[in-house]
Amino acid sequence: MESYTLLKVTAFGFIFELNSESCYFAQNGDFEIFLNGQFYGTANTNVISLLSLGSDMVYNVAVKNFFDEDIVFSVNTLKPGFVINVKDYNAAGDGVACDTAAINLAIYAAPAGSTVYIPKGKYMVDQVLLKSNVDIHLESGAVLCHGFDREKLAILKGYQKNYDHKDVTINASWEGHPLDCYASLIYGKDIENVHIYGEGVIDGNGDIGGFWHNPKVKNKAFRPKNVFLVNCRNIEISGLTSMNSASWNIHPFYCDNVSLRCLKIKSIEESPNTDGINPESCNNIDIIGCHFSVGDDCIAIKAGKYYMSIAHPRFTKNVNIRQCFMEKGHGGVVIGSEMSCGVYNVSVEKCLFRETDRGLRIKTRRGRGKDAIVDGIIFSKVEMQKVRHCFVVNMFYNCDPDGKSNYVRDKEPRPRDEFTPTIKNISLTEVIAREITGSAVFIYGLPESPVCGISVEKSILSFVDEAQRIHECPAMMDDFDTIKNLGIFIKNAQDVKLEENEIIGEAFCMTAQPTRKE
């Protein structure tokens, strides 16, 4: 096997992955990178993006001190058809003038195969509109800032009916429904073959735009995202930093073939619903080498609520997450709770979770229904450090206005119908979790729809001392009495396999038994 994999070559650089068994960070710490015999810099991650290089040039790459022998290879960066500088279209980049028109005109005027180049500077924009077959490169030091005056932002209609009201097109989504949203900083609809990349920054200004006051309340429209992609295909975003988003950072919706690599996703820890990357009703998604530190879930995989499963059904399938670092956040990798169209085949490999509230989290409830199936989740060779609850499956999720209803919270069996969700075939293998402060495994299925086919194997689960343990319900659900030193809890589940695991520290384990008071 080669010691590296070349993931992407662009007009301004390339991305490569060093093949290693360690999670996100290089096993031996810092290593050196040389280009054409000249020292370029040091790195310490297994996936590296170099995206501020020259076009149509050969680079002889040498990676030193990563393995016993140097890793050597050559890359020829691409020759772009056109490189269009937004400054030539009168973009100021001074952090004061509105550069929306200049940047959008540069994109609109670009021929197919062009790269729109955004040099160093601070560009205030209301929204950047993408165009098929036109890439965007943000130079190191380039910052796209979202306009923070809500009154000046355009509003994106959730859906639009045709003339005779017999057809509907979906433009926007808010928490699983086609609802009006303020225009996102970067927006693309029905586009293809676009790469947004570089070493620049996308700044949503959510912290100063007033969007975090009453964040769940619609104020003319719901909050914007930093990047919102609707019904797109063959989209790549690489190397950039996304920060201060008013809500979710990057939201691919009804998209196919999306690659997200070497991104830094930053949100203030207390900021509301500032998820990192949320693929919704998408197919073939790669999330590789990304670093998350956010105010909500790092990666949340979704597939709409009940209305969407009836009127515009589209499942999420084939999500590959590898070599990512989830640092803080409510959940590391989360599936749901919007999953009414179904989520299939999710792989999480060689990722590092540090101080997230939960590691892998699957959440749903009665009422999701209509193809609401989660099937085929593989979680392997993952490390967790000081994670509160490592693995949580909850089919009594109690958020949203109907989440507290007797219908949702009832622990007695109800008839299976079109509103009943299903979770099956979940595998955790070779997980190393150190200093767990809460629980290791918490699974609570529906009595009428047990979680089916769960395996936790060859894993090491190590808890902090009892004095440091957190005693709480690991899942957001009602009517669960806390259990002291809860390690493993499994109820309403079938075909459960727990084999070759090592548990270090005091841990109470309960499987297929009624809950009990502490």
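**Cores and a parallel sheet**

Modeller: In the largest nonpolar core, which has 103 residues, those touching the most other members are Ile287, Phe292, Ile321, Met326, Phe353, Ile426 and Phe442; such a core is a set of buried Ala, Val, Leu, Ile, Met, Phe, Trp, Tyr and Cys residues joined through side-chain atoms within 4.5 Å, and buried means under 20% relative accessible area with a 1.4 Å probe, protein chains only. This is a predicted model, where local features need pLDDT of at least 70 and side-chain atom pairs count only at pLDDT 80 or more, while totals for chains, interfaces and linings use all residues. Residues are numbered from 1 along each chain as its sequence is written, and side-chain values use heavy atoms, with hydrogens and water left out.

Colleague: Which residues is Ile321 in contact with?

Modeller: Leaving aside neighbours within four places in sequence, Ile321 is in contact (heavy atoms within 4.5 Å) with Ile287, Ile299, Ile301, Met326, Val333, Ser347, Val348, Glu349 and Cys351. Another core, of 18 residues including Phe31 and Val61, lies apart from it.

Colleague: Switching to the sheet, what is the order of its strands?

Modeller: The order is E30-E33-E36-E39-E42-E45-E48, seven strands in an open sheet with parallel pairing; strands (E, at least two residues) are DSSP runs numbered from the N terminus, and two of them pair if DSSP finds at least two bridges between them.

Colleague: And which strands stand at the edges?

Modeller: Strand E30 (299-301) and strand E48 (508-511) do, each with a single partner strand, so one side of each is left without a neighbour in the sheet.

Colleague: Over how many bridges do E42 and E45 pair?

Modeller: Strand E42 (residues 441-444) pairs with strand E45 (residues 486-491) over four bridges, in the parallel sense, and the bridge partner of Ile443 in E45 is Ile490.

Terms used
Buried means under 20% relative accessible area, exposed over 50%, partly exposed in between (1.4 Å probe, protein chains only).
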